[in-house]
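Here are my notes on this one, as numbered points. Have the model open while you read, and we can go through them together.

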Amino acid sequence: MALPEKGTRVLWVDSRLCSPWALLIWVVLREKKIPYELRRVDLKAGENRTPEYLSRAPSGKIPVLQEADTWLSESLAIAEYLDETSDGPRLLPADPLARARDREVLSYLRSDFSELRRCMPFEGLFWSQPAVTMTPKADVEIARVFDLVHKRLAAKAPEPPTLADFELAFMVRRVLHYDPKRVPADVVEFSERIWSRPSVQSWVTSELRPAHE
Ligand SMILES: N[C@@H](CCC(=O)N[C@@H](CS)C(=O)NCC(=O)O)C(=O)O
C-alpha cells in the first residue's frame with residue numbers, strides 16, 4: 001500500500017468505482033473544489049483486510065479520507081468534516097432543523113432500504129447483473145424513497161443540493177435503472193437534475209472503472 005506525499009489529501013475508494021458511499025465523498029470533493037489524490041483498494045483481492053489497512057481503517061471499508069497521518073472512515077463523518085473545513089457551497093444546511101432533516105434522511109439511507117439495495121444493486125448501473133425477483137418489502141422501501149423525495153420537494157428549494165439530496169438521487173437512480181416506469185415524473189426530474197451534475201457524471205463516466213466486472 002504505497003503512501004502519498006506528506007500533506008496530500010487522499011480519498012481511498014473501491015477499485016471498481018461502484019460504491020455509492022465512495023461516490024458521495026467524490027462528489028463532495030468536486031462540488032467544493034477540494035484538491036485530492038485518488039487511491040483505489042481492491043476489495044475482491046482483500047486489500048482492505050490487510051493488517052496495515054485495518055490499522056488505519058478498522059472497519060475494513062471504503063471510503064476513507066487521509067490527511068497526512070490522519071485517517072477518517074465512514075462516509076457521513078468524512079462528508080461532514082469536508083463540508084465544515086472547506087470553502088465552497090455548504091452541502092449540509094446551516095439551519096439546525098434543516099441540517100437535522102438532512103442527517104435524518106442520511107441515517108435512513110444507511111440503516112433502512114436493505115431490500116431495495118439487494119434487489120437493485122448499484123453494480124447493475126455499470127455491469128449486467130443476474131435478475132433478482134422483487135419482493136413486497138422492496139416495493140414498500142421504494143415507495144418510501146419516493147415519499148422522502150416528495151417531502152423534500154415540498155419543503156425546500158431544489159438548489160443547491162445537499163448531502164441528503166445527492167444520496168436520495170443515487171437511490172432513485174437504482175429504480176430508474178431497473179424499473180423506470182415505477183418512478184413518478186417529479187422524482188425522475190429530481191434525480192436527473194442531480195445525476196447530471198458534473199461532480200456525479202465525472203464518477204459515472206470515469207475511465208478508471210473496469211469495463212468488465
Ligand atoms: N457505513 C459505511 C459503509 C461503507 C461500505 O459499506 N463500504 C463497502 C463498499 S460499498 C466496503 O468497503 N465493503 C468492504 C467490506 O466490507 O469488506 C460508510 O458510510 O462509509
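1. I'd start with Asn48, which lies in the loop between strand 2 and helix 2 (helices, H or I with at least four residues, and strands, E with at least two, are DSSP runs numbered from the N terminus). Asn48 is buried, with a relative accessible area of 7% (buried is under 20%, exposed over 50%, partly exposed in between, with a 1.4 Å probe and protein chains only). A polar atom of the Asn48 side chain lies 2.7 Å from the backbone oxygen of Gly60.

2. Before going further, a caveat: this is a predicted model, where local features need pLDDT of at least 70 and side-chain atom pairs count only at pLDDT 80 or more, while totals for chains, interfaces and linings use all residues. Residues are numbered from 1 along each chain as its sequence is written, and side-chain values use heavy atoms, with hydrogens and water left out.

3. Which residues are around the ligand? Asn48 and Gly60 are both there, along with Ser19, Trp21, Arg49, Lys61, Ile62, Pro63, Glu74, Ser75 and Arg110 (a residue counts if one of its heavy atoms lies within 4 Å). By class, that shell has 3 nonpolar, 4 polar and 4 charged residues (Ala, Val, Leu, Ile, Met, Phe, Trp, Tyr, Cys and Pro count as nonpolar, Asp, Glu, Lys and Arg as charged, and the others, Gly among them, as polar).

4. Now the oxygen atoms of the ligand. One is 2.6 Å from an N or O atom in the Ser75 side chain. For Arg49, a polar side-chain atom lies 2.9 Å from a ligand oxygen, and for Ile62 a backbone N or O atom lies 2.9 Å from a ligand oxygen. Taken alone the ligand exposes 520 Å², and the protein buries 74% of that (areas by the Shrake-Rupley method with a 1.4 Å probe).

5. Pro63 is found in the loop between helix 2 (51-56) and strand 3 (64-67).

6. Is Lys32 buried or exposed? Lys32 is buried, with a relative accessible area of 6%, and sits in the loop between helix 1 (20-31) and strand 2 (37-41). Its side chain makes a polar contact with the side chain of Asp83 at 2.7 Å (a pair of N or O atoms within 3.5 Å; within protein, one must be able to donate a hydrogen and the other to accept it, and residues adjacent in sequence count only if both atoms are side-chain atoms).

7. Please check two backbone angles. Lys33, in the loop between helix 1 and strand 2, has a positive phi of about 55 degrees although it is not a glycine; Lys33 is exposed, with a relative accessible area of 72%. Leu17, in the loop between strand 1 (9-14) and helix 1, has phi near 50 degrees, again positive in a residue other than glycine. Leu17 is buried, at a relative accessible area of 0%.
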